[in-house]
Amino acid sequence: MKKISTRALSVFLIAALVFTGMCVFIREEYLHGRKWAMYFSMFNPEADGQLLDRNGIMLAAFNKDARVYAKDWPTRVSNYHVTGDYAGMTGTGVLNRFWGSASDYDFIYGIHNERSGSLSLGIDAELNNYAYSLLSQYGKGTVMIMNYKTGEVICLVSSPSVDPAYPDEEPEDGAYVNRALTATYTPGSTFKLITSAAAIENVPDLENMTFRCTGELDIAGISITCMEAHGTQTFEQALANSCNCAFAYLTYMEVGQRLMVKYVTDYGFLSPHSIDGIFTSAGNYPTEFVGDPELAWSGIGQSTDQVCPFSMLRYVAAIANGGTLAEPTFVKGGSNGKSTLLVNPATASRLQELMRNNVVSHYAQEIPSFQDLPFCAKTGTAETGAGTSHSWFTGFLQDDAHPYAFVAVIEEGGFGLWAAGIMVNDIFQHMLQKAGTT
Ligand SMILES: [Zn+2]
């Protein structure tokens with residue numbers, strides 16, 4: 001009798017376990033079924049849809065008979081890091097993320113194709129072609145441009161790239177990496193925009209201070225140097241001169257490590273971000289005690305500083321938009337007002353003036369065509385430790401009709417202004433010339 005009741009109990013327990021398992025499965029299926037189904041719909045032979053650029057140019061199209069990419073080679077290659085491919089070789093492609101938009105899913109029937117799918121991106125494929133043709137001449141790097149009022153990304157290129165229709169058996173090293181979203185670089189002097197924000201908000205007499213630069217600043221036996229002696233400068237002049245001595249002094253004497261860490265963290269430089277569910281790389285900044293000389297180096301974008309270009313773009317886009325970041329998206333039309341207050345509005349306003357002054361008093365003096373457009377910007381020449389420098393240029397157009405923020409990095413490109421700066425200027429001149437003629 002005892003044996004029978006033990007068996008009955010076992011049967012009951014097994015039944016209870018099966019029942020609980022089914023409940024968990026149904027709940028999970030209900031909560032995550034769409035995601036699972038859409039993920040595996042990469043292999044669904046019935047899926048039907050297309051990915052278009054902002055002007056209706058086909059970037060990728062698929063139905064039960066074929067999976068194709070843009071017809072011409074430049075469009076396939078320059079847009080590759082945006083579209084991705086059917087094989088999922090790059091984790092950052094829109095094709096992987098939005099395949100689900102092409103077919104439909106519900107809990108009862110799973111995937112079906114009652115609506116035909118077509119997704120329009122904010123990307124301008126022709127602009128991407130132009131940007132990639134310039135960038136690839138320099139070598140490796142990236143350019144990303146977004147509308148800072150709507151969040152719409154209009155340009156993203158990463159070099160080297162891949163032709164997804166005919167992928168190389170031995171692609172160039174790093175060709176599948178989306179350098180705008182999933183690479184990090186030493187930021188060099190573009191980082192002074194962050195140190196500037198911390199100084200504006202925490203150094204009471206900043207605008208009345210003067211900074212004397214003899215070309216070299218000694219901190220506990222470690223020498224911080226400038227390319228030349230900048231003499232006596234205001235804060236505004238020190239940023240335009242990109243004076244290492246002035247910003248090193250501000251960082252270790254006036255702002256301090258605790259506040260630097262707070263600003264780098266609050267502005268999102270240490271976190272990964274998501275653009276339409278595609279994750280980006282986190283950066284780095286020394287958060288443990290490092291002492292004055294290293295702290296000084298970190299405030300001028302060297303030390304162990306690492307910045308993802310996308311994080312820099314978020315920051316300058318927020319500055320351009322009065323402190324509020326319109327959430328970046330690849331979808332045409334933008335992020336429907338989704339936004340985050342990233343930078344104090346008064347600070348953003350002062351940074352706008354400072355970045356405009358950089359261009360007027362310095363960059364346009366060297367390269368006159370910078371005067372043609374209302375650029376606000378900052379250069380970066382980031383020493384890599386290998387005797388070369390990454391060339392950075394980041395900022396925005398102060399223009400309601402063309403509200404674009406940008407970031408560009410050319411690996412081992414040399415001086416910020418003379419590689420990335422010239423390239424960005426050329427891309428915008430091309431874009432606005434084209435806009436003017438259509
Ligand atoms: Zn200096």
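Start by selecting Tyr138, Met227, Phe415, Trp418 and Ile422, which make a nonpolar surface patch of about 550 Å². Patch members have over 30% relative accessible area and no salt bridge, and nonpolar side chains (Val, Leu, Ile, Met, Phe, Trp, Tyr) are joined within 5 Å. A salt bridge here is a side-chain nitrogen of Lys or Arg within 4 Å of a carboxyl oxygen of Asp or Glu. Accessible areas come from the Shrake-Rupley method with a 1.4 Å probe.

You are viewing a predicted model, where local features need pLDDT of at least 70 and side-chain atom pairs count only at pLDDT 80 or more, while totals for chains, interfaces and linings use all residues. Residues are numbered from 1 along each chain as its sequence is written, and side-chain values use heavy atoms, leaving out hydrogens and water.

Next, pick Tyr138 in helix 5, residues 125-138; helices are DSSP runs (H or I, at least four residues) numbered from the N terminus. Is Tyr138 buried, partly exposed or exposed? Tyr138 counts as partly exposed because its relative accessibility is 35%; buried means under 20%, exposed over 50%, and partly exposed in between.

Now select Asp124, in the loop between strand 6 (117-120) and helix 5; strands are DSSP runs of E, at least two residues. Asp124 is at 10% relative accessibility, so it counts as buried. Show Lys434 too: its side chain makes a polar contact with the side chain of Asp124 at 3.2 Å. Such a contact is a pair of N or O atoms within 3.5 Å; within protein, one must be able to donate a hydrogen and the other to accept it, and residues adjacent in sequence count only if both atoms are side-chain atoms.

Note on methods:
Patch = residues over 30% accessible without salt bridge, like charges linked within 9 Å, V, L, I, M, F, W, Y side chains within 5 Å. Buried < 20%, exposed > 50% of the residue type's maximum accessible area, 1.4 Å probe, protein only.
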